[in-house]
Amino acid sequence: MFSFDPYSPAVDADPFPFYKTLREQHPAFWSKEANMWVLSRYADIVTALNDWQTFSSAKGNLMTELPNRAGNTLGTTDPPRHDRLRGLIQHAFMRRNLEGLADPIREIARQTAAPLADQDQFDFITDFSSKFTVKVLWAALGLPSGDEAIAREKAVMMVQSDPVTRAKGPEHLAAYNWMQEYAASVIAERRKNPQNDLISHFSTAEIDGDRLDEREVLLTTTTLIMAGVESLGGFMAMFAYNMADHPEARRQCVANPALLADAIEESLRFNTSAQRFRRCLQKDLELHGQTMKAGDFVCLAYGSGNRDERQFPNADVYDITRKPKGHLGFGGGVHACLGTVIARLSVKTAMEEFHKVVPDYRRVADQLPWMPSSTFRSPMRLDLAKVH
Ligand code: HEM
């Protein structure tokens, strides 16, 4: 009998055969392990994303939610509260002028890639992507330098869940508490001494006299660190994994770096890091012969919608010329990712500089250690060897 357990190591390692069965045979599937419905077809996911009144985020959007987040952050509120938060935070993003970060991002990428010139084999995550990601985020958010490594470790821990209990374990909750205390101390410091950075801007952002309250500033900062470190770092690892496994596409990108932009969009479709998010039903719904009840949780399997043949012909083929319009790599609807500009700019710049130092490479291990997370999918380690 078919089952789909988003907490299982088998799904972490390769969710795509499960998704295919879900789409073809069980388009509205009750996962008893996750205790929620799973929607896997592109059209159903898009319909849900465009109907926040029925598919609410206010009970949390992570598959395994962290305490106090539901109802208090951008990703975990519905309009009109969500519109208000998004407006205030977007205002802060505009004031920081992220395009102005292009030169610093290039410099960070160059400096982080340089030491790889002397190494024949390295872990892409430890030796490149995590160092690069935290430096970029720290510059954008305005976090003090010196604590990047520990904060990254805590952010990665926060998004994991225990595959046995299918819940957050003490180590995940302790990491979350650490992050909140860390964020609180940075916010206090930025209020005393504001700079041109996101935390300074959104802790003081004001529209028509409206401001974020203390809890909103704290949880927004915590969420941005988590979203930035895990979503961006995880996606960069997935992108390098694709480049390693598709040498022809990589050669084209090395010869013509402008193609990286298309390759990034195709990776966001083909095997993005942000695989599944959840919503809570606000009314009963009949779908594909199933009765879903108000109050039930629903998993929107973006990673599956992105492989739906009805939307993307030859969906299982990684094709950097595809230009996959409407992919779900950044979600959609009112909760579409707010970090797309900085994410696209960062990955493209990082890979351009990486390819200047390491143009030809292969994956060392066949099997990768996948992160145990019901929401995200990315390897914990990605050893690459240069090809001479
Ligand atoms: C390639 C990297 C990234 C990917 C793949 C990604 C993916 C996503 C996805 C799928 C969502 C939708 C969640 C949902 O449907 O509930 C989302 C939301 C969000 N992302 Fe990203 N993200 C990335 C980078 C970033 C960065 C760098 C930031 C901030 C610095 C960021 C900030 C956010 C925020 C604040 C939301 C919530 C938006 C809302 O609910 O209105 N993301 N992201």
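Visitor: Which residues lie closest to the ligand, and how many surround it?

Guide: This is a predicted model, in which local features need pLDDT of at least 70 and side-chain atom pairs count only at pLDDT 80 or more, while totals for chains, interfaces and linings use all residues. Residues are numbered from 1 along each chain as its sequence is written. Counting a residue as near when its C-beta atom, placed from the backbone, lies within 6 Å of the molecule, the closest are Ser231, Phe235, Gly331, Cys337 and Gly339, and the residues that surround the ligand number 25.

Visitor: Which helix gives the largest share of the shell around the ligand?

Guide: Helices are DSSP runs (H or I, at least four residues) numbered from the N terminus, and both α10 and α14 supply at least two residues of the shell. The largest share, six residues, comes from α10.

Visitor: What span should helix α14 have, and how far apart are its end C-alpha atoms?

Guide: The expected span is 1.5 Å times one less than the number of residues. Helix α14 has 18 residues (340-357), so it should span 26 Å, and this agrees with the distance between its end C-alpha atoms, 26 Å.

Visitor: Which helices do the buried residues of α14 pack against?

Guide: A residue is buried if 20 or more other C-beta atoms, placed from the backbone, lie within 10 Å of its own, and in α14 the buried residues include Ile342, Met351 and Phe354. With contact meaning C-beta atoms, placed from the backbone, within 7 Å, the buried residues of α14 pack against α5 (102-113), α6 (124-141), α10 (214-245) and α12 (260-270).

How values were computed. Buried ≥ 20, exposed ≤ 12 C-beta atoms within 10 Å, placed from the backbone. Contact = placed C-beta atoms within 7 Å.
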